[in-house]
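I am opening a notebook on this structure. My entries follow the order in which I looked things up.

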Amino acid sequence: MASKVLMKGNEAIAEAAIVAGCRHYFGYPITPQTEVAAYMAKKMPKIGGCFLQAESEIAAINMVYGVSSTGHRVMTSSSSPGISLKGEGLSYLAGADLPALVVNVQRGGPGLGGIQPSQSDYFQATKGAAHGDFHMLVLAPASVQEMADLTVKGFDLADKYRMTAMILADGTMGQMMEPVSLEYDIAPPPEKPWATTGTNMQREHNIVNSLYLAPEALERENFKRYERYKYIEENEAMYEEYMTDDAEIFVVAFGIAARVAKNAINDARNRGIKAGLIRPITLWPFPKAPFVKAESQAKAVISVELSMGQMIEDVKLALDCKVPVTLCNRSGGMIPSPEQVLKAIVDADNGGAK
Amino acid sequence: MSTTQFLFTGFGGQGILFSGKFLAYKGLIEDKQVSWLPSYGPEMRGGTASCSVIISDTPVGSPIVSNPDVLVAMNLPSLDKYEDAVVPGGIIYVDSSLIERKVKRTDVTVHYIPATSLAEENGMPTLANMIIVGKMLSELNEFNDEGINAALGKVISARHADMLEYNLKALKIGSEN
């Protein structure tokens with residue numbers, strides 16, 4: 001058995017990034033993700049890597065842009081308000097087709113909000129990180145092991161598709177400790193012939209840029225990028241199903257909400273209610289496949305979220321609005337209890353979906 | 001198949017998170033499924049601190065303990081806040097040198113340990129937490145040297161290796177109390 005250690009989710013992300021070959025980290029402290037930066041500050045200098053605490057989040061994301069242009073694996077991490085500051089840089093990374101790993105350990109918002117766990121940056125991560133037509137790969141871990149696994153996966157996907165992969169976690173995932181194994185077979189990153197590594201007078205200049213003043217050229221780039229996005233939507237969606245084979249009540253939840261929902265589903269099963277869980281692991285692309293089953297056999301679907309209801313829109317779209325979908329939620333840093341989710345399941349089973 | 005949910009509560013600085021981490025590591029070493037979730041708000045800077053630990057034979061669902069099977073209360077505000085949350089038939093460990101009142105519940109087992117006084121008398125004023133854990137392990141029939149030594153080795157950094165002996169002594173004092 002692979003040896004397991006107890007680690008905080010934030011530390012697992014940092015160590016997994018190092019294992020994946022990331023040697024450049026730029027960040028700025030913010031609760032509840034500061035352990036990522038703290039771990040990097042301790043570790044990077046010892047392995048010849050670079051840890052730099054930038055003067056701001058905006059500076060950090062643009063340092064990521066710089067390193068990514070040279071073809072090296074690079075990351076930054078922050079929490080909700082800090083990610084908003086990085087928005088401009090995320091759009092530039094997309095416009096220049098640069099790979100990067102960005103971690104958001106979400107806290108309650110809007111504004112400076114609070115420091116307790118939240119999932120209310122779902123819209124931002126999946127639909128509107130910043131201006132312009134673009135997407136990021138959004139990965140939603142639900143355990144400390146997945147914090148590590150999806151970090152490794154995120155670097156691979158980012159390099160493969162030349163885009164930003166975002167780990168969308170929350171305060172509980174960042175702060176909790178669970179056993180984690182960090183033994184991976186790391187595939188070498190793909191060749192990056194586009195990187196600005198110096199021509200040695202052997203080739204044409206590589207140019208990394210997101211400015212296209214001719215609208216025809218800019219449109220062409222956007223069309224090309226969206227062909228790639230389409231391929232990703234068809235090939236990279238990840239999800240977990242739990243007790244869905246005979247389910248009549250489908251709960252949809254990611255991250256910490258999925259952990260809570262599993263408790264509630266077990267309780268519901270003990271009461272003879274056929275409940276099951278769809279847990280999206282990629283939020284973009286949003287997994288559509290498991291909703292085909294839900295559409296044919298569900299009496300009702302419940303979206304459990306630590307927000308005022310954001311993923312629920314994608315759930316409704318995936319179901320073509322053919323099954324009633326209700327929201328079971330808390331907001332502002334509060335977490336739904338298993339009892340609250342169980343009540344939503346019982347209500348839905350009684351046909352009295354609110 | 002069993003799952004035990006622990007909630008450690010007290011002031012910041014009493015080693016609430018540390019004792020939870022020790023217990024979680026002991027579970028991991030004994031091949032259990034475990035989770036450890038601290039409060040990480042302003043309370044960790046001197047207010048009330050708490051930490052949820054789950055030790056189970058099956059994968060841990062929600063890591064949040066709202067209704068503990070076992071509550072450790074190391075100050076009065078924590079006992080006031082969490083007493084009613086303990087499951088019927090649950091166990092409460094009270095540091096009776098810091099909490100003067102008795103537990104009101106009659107459907108739970110209560111152990112009163114003057115842990116802070118015992119710690120001070122034995123010249124280890126910061127280890128009241130481990131005295132309570134020692135008592136807990138002994139009550140749960142989990143006081144085995146092998147698991148304890150291995151877990152302490154994990155949670156005490158090399159820099160503080162001299163603390164190993166004191167922690168062992170604190171656990172032992174608790175187990176004999």
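Entry 1, a term before I start. I call two strands paired if DSSP finds at least two bridges between them. I also note that this is a predicted model.

Entry 2, strand pairing. Which residue of β11(A) is the bridge partner of Glu241(A)? I looked it up and found Ile278(A). I then took the two strands as a pair. Four bridges join β9(A) to β11(A), residues 275-280, and the two run antiparallel.

I traced five strands of chain A in an open sheet, in the order β9-β11-β10-β13-β14. The pairing is mixed. At the edges I found β9 (239-242) and β14 (325-329) of chain A, each pairing on one side only.

The domain assignment gives me domain 1 (5-235) and domain 2 (241-349). I looked up how far apart their centres lie, taken over C-alpha atoms, and noted 28 Å. The contact takes 27 residues from domain 1 of chain A and 22 residues from domain 2 of chain A.

I went through the domain 1 side by element. α5 (122-126), β6 (137-139), β7 (164-170), α7 (171-175) and α8 (215-235) of chain A each supply at least two residues. Of these, α5(A) gives the most, with four residues. By class, I noted 15 nonpolar, nine polar and three charged residues on this side.

I looked at α1 (residues 9-19) and α6 (residues 144-161) of chain A. Their axes come within 8 Å and cross at roughly 30°. Angles under 35 degrees count as roughly parallel, so I put α1(A) down as roughly parallel to α6(A). The crossing is right-handed.

I listed who meets whom. From α1(A) come Gly9(A), Ala12(A), Ile13(A), Glu15(A), Ala16(A), Ala17(A) and Val19(A). From α6(A) come Val144(A), Met147(A), Ala148(A), Thr151(A) and Val152(A). By class, I have nine nonpolar, two polar and one charged residues in this contact.

How do α1(B) and α5(B), residues 145-155, cross? Their axes come within 8 Å, at roughly 125°. That makes α1(B) oblique to α5(B). I noted this crossing as right-handed.

α1(B) brings Phe18(B), Lys21(B), Phe22(B), Tyr25(B), Lys26(B) and Ile29(B) to the contact. α5(B) brings Gly147(B), Ile148(B), Ala150(B), Ala151(B), Leu152(B), Lys154(B) and Val155(B). By class, I noted nine nonpolar, one polar and three charged residues.

How many residues of chain B are in contact with chain A? I found 15, in contact with 18 residues of chain A. On the chain B side, the elements that give two or more residues are α1 (16-29) and β2 (33-38) of chain B. β2(B) gives the most, with five residues. I sorted this side by class and got 10 nonpolar, five polar and no charged residues.

Technical notes:
Residues numbered from 1 in each chain as written. Chains lettered and ligands numbered in written order. Predicted model: local features only at pLDDT ≥ 70, side-chain atom pairs only at ≥ 80, totals over all residues. Contact = placed C-beta atoms within 7 Å. Nonpolar A, V, L, I, M, F, W, Y, C, P; charged D, E, K, R; others polar. Axes fitted to C-alpha atoms, helices over the stretch in contact; angles between N-to-C directions. Parallel < 35°, antiparallel > 145°, perpendicular 65-115°, else oblique. Left-handed = near helix turned anticlockwise from the far one by under 90°. Domains from an automatic or database assignment.
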